[in-house]
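Open the model in your viewer and colour it by secondary structure.

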Amino acid sequence: MSIESGAPLRVLIVEDERLIAENLKLIVEDHNYRVVDLASNSEEAIHKAKVSKPDLILMDVRIQGEMDGIHAASLIQQSLAKKPRVLFLSAHSREQFPHIEALDSDSFRYLLKPYTPEDLLAAMDSVLNP
């Protein structure tokens, strides 16, 4: 999938477990997406999103820092003119995070861990093409 310019879609990965982040990076890059950066906590995610302006954020819901991934994603979307799509990744059910409903439902999807690379790619496509 490419944006209008033909350039690969830009992906920011926010995951506090380094091995999982690196695995996500391999999967994403193997399918012609461009990983612009990795972040391991909420503050770093917000800063790196402002700098890299990703098209898509793969966001772990429970991350290190002052806020969870949902709150961080909300702040990122509020701070950027072109709101990135967000694919939340979590081992916890969506019902455990009622504040997720504050986000625009067209701009995010939720994928439960564990997932296969195929599940991840299908969810990425779903959030990019609502």
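Select the strands first. Five strands form an open sheet in the order β2-β1-β3-β4-β5, with parallel pairing. Two strands pair if DSSP finds at least two bridges between them.

Go to the edges. β2 (34–39) and β5 (108–112) each pair on one side only. Neighbouring strands are turned by 20° against each other on average, direction ignored.

This is a predicted model: local features need pLDDT of at least 70, side-chain atom pairs count only at pLDDT 80 or more, and totals for chains, interfaces and linings use all residues. Residues are numbered from 1 along each chain as its sequence is written, and side-chain values use heavy atoms, without hydrogens and water.

Now select β1, residues 10–14. It runs parallel to β2, joined by 5 bridges. Find V14: opposite stands A39 in β2.

Next, the helices. α1 (residues 18–30) lies across β1, β2, β3 (56–60) and β4 (85–90), and runs at about 170° to β2. Then pick α3 (residues 69–79), which packs on the sheet and touches β3 and β4. Its direction makes about 155° with that of β3. Such angles run from 0 to 180 degrees between N-to-C directions, with axes fitted to C-alpha atoms, for helices over the stretch in contact (heavy atoms within 4.5 Å).

Zoom out. The protein has 4 helices and 5 strands, running β-α-β-α-β-α-β-β-α from the N terminus. Of its 130 residues, 46% count as buried (under 20% relative accessible area, 1.4 Å probe, protein chains only).

Conventions. Helices (H or I, at least four residues) and strands (E, at least two) are DSSP runs, numbered from the N terminus. Buried means under 20% relative accessible area, exposed over 50%, partly exposed in between (1.4 Å probe, protein chains only).
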